[in-house]
Amino acid sequence: MQFIKENLAVGFMLFALFLGAGNIIFPPELGQNAGTEFLPSIIGFLITGVGLPLIGIIAVAKNGGDLQIVANRIHPVFSAIFTAVIYLSIGPLFAIPRTGAVTYEIGIAPFLSESSQSSWIPLFISSLIFFTIVLYLSLNPTKLVDRIGKILTPALLIVITLLAIKAFINPMGEFGEPHGVYVTNAFSESFIQGYLTMDVLASLVFGIVIVQSLQAKGITDRAKQVTITIFSGIVAALGLAFVYISLEYIGATSTDKIGYIGDGASIIAQSARILYGSAGNIILSLVIILACITTAVGLVSANATYFHKLFPRFSYKTLAVIFTVFSFVISNFGLSKLISITLPVLMFIYPIAIVLMFLVLFDQLFDRRPIVYSLALIATALVSLYDGIKTTGIKIPAYENVLSALPLYEQNVGWLVPALVGLVIGWIIHLVTKK
């Protein structure tokens, strides 16, 4: 009991790191698409949205917490490129612009007329104000963001809990009919949709945050750090699971009242209005806007700090300005367009991140030999790269004919068997050449 009391705060901190406002938009959309296929859908989503991030946190923490050092076991060039891609993905390329887009979709759009929503001007003005505030806070280090974050995460959780309680006690309707691929492949499609949370990528970076937090408390024993990290990860995982299950349930039962929308931000905004009236919309909007600002500031600061370390000639402030302005421009594509751009890239890098974290978790079994890492990751990339390309609508028939023979290819997990084959071949080479 004493252990739980002492380390519960670390678990809540980790939960707060993962629970970005962007994560709120995917489960409701998933729920509407899955409908009566709710159970296989939520299981698939929880694997990539909760289970794998938990494993990622543990794997990196077990190895010191620094992704760049871990990736360096493969090759310094891979380490530099892969770590940079991870930071850019959860930064200015996707996650930071998404905070601006979500702010508009949930915090502003529900209060505008349909004609205003069809114009580009409200999104432009909203994102301009949003990123001006983000840049100001990023350039002026202050405890304000930390304090807001400590208030906002519980507030956001309370709002979701209130929505969930009302939805469970007085559902908006029955489970809707599944749509599209969810009719027959709800599990596999939801597994892939879990990529959009980007939580696996984030887990590879958050590991060092936990380790540094524990070191600041004077906990330097590696075994104890791993034990606390596992406990913290479980706390965060339980919190995320509750949020995702609640929001997907709201989406799955919302169709009778609001119709099929297929847009997570609109679903949760309209559901809040149905469940709690205009007050529900106002409270949800305020919490989401402030949470998005806090998330964006944290991501801008993390990226500017990392790339300043990588390229010292560029100051922190210069990089913060570049990342913020870039994110502002990208956010004006709109949430739907942003998600469609994000998915192909995630289809490519997510499997690589998943395989890497499992290798890191068990790399003592093969003495951390680069050949084992390399063959498993190359085999994974040969499939996941094409998965990403195919998501854009481009197909290479000859290559696809080869890949389609792979087990689980139709479920978008065709990379799994090649990864295992690469691992086995690398392991055999390791055993044969072992001195």
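At what angle do the axes of helix 3 (residues 38-62) and helix 12 (residues 222-252) cross, and within what distance do they come? The close-ups below take that pair and a few other spots in a predicted model.

**View 1. Helix 3 against helix 12.** The two axes cross at roughly 160° and come within 9 Å. Angles over 145 degrees count as roughly antiparallel, so helix 3 and helix 12 are roughly antiparallel to each other. The crossing of helix 3 with helix 12 is right-handed. Sort the residues of this contact and you get 19 nonpolar, four polar and three charged.

**View 2. Helix 6 against helix 14.** Here the axes of helix 6 (residues 95-108) and helix 14 cross at roughly 155° and come within 7 Å. That angle makes helix 6 roughly antiparallel to helix 14. This time the crossing, helix 6 with helix 14, is left-handed.

**View 3. Helix 14 against helix 15.** Moving along to another partner of helix 14 (residues 264-310), we find helix 15 (residues 316-331), packed at an angle of about 130° with the axes 9 Å apart. Helix 14 and helix 15 are therefore oblique to each other, and their crossing is right-handed. Helix 14 brings Val 300, Ser 301, Asn 303, Ala 304, Thr 305, Phe 307 and His 308 to the contact, while helix 15 supplies Tyr 316, Leu 319, Ala 320, Phe 323 and Thr 324. Seven of the residues in this contact of helix 14 with helix 15 are nonpolar, five are polar and none is charged.

**View 4. Lys 434 and its surroundings.** Lys 434 sits in the segment after helix 19 (416-433). With a relative accessible area of 47%, Lys 434 is partly exposed. Leaving aside residues up to four places away in sequence, Lys 434 touches Asp 367 and Arg 369. For a sense of scale, Lys 434 and Pro 53 are 381 residues apart in sequence and 33 Å apart in space, C-alpha to C-alpha.

**View 5. Confidence along the chain.** The average pLDDT over the chain is 86, and 96% of the residues score at least 70. Among the elements, helix 15 has the highest mean pLDDT (94) and helix 1 (residues 2-18) the lowest (75).

How values were computed. Residues numbered from 1 in each chain as written. Predicted model: local features only at pLDDT ≥ 70, side-chain atom pairs only at ≥ 80, totals over all residues. Heavy atoms only, no water. Axes fitted to C-alpha atoms, helices over the stretch in contact; angles between N-to-C directions. Helix = DSSP H or I, 4+ residues; strand = E, 2+ residues; numbered from the N terminus. Parallel < 35°, antiparallel > 145°, perpendicular 65-115°, else oblique. Left-handed = near helix turned anticlockwise from the far one by under 90°. Contact = heavy atoms within 4.5 Å. Nonpolar A, V, L, I, M, F, W, Y, C, P; charged D, E, K, R; others polar. pLDDT = per-residue confidence, 0-100. Buried < 20%, exposed > 50% of the residue type's maximum accessible area, 1.4 Å probe, protein only.
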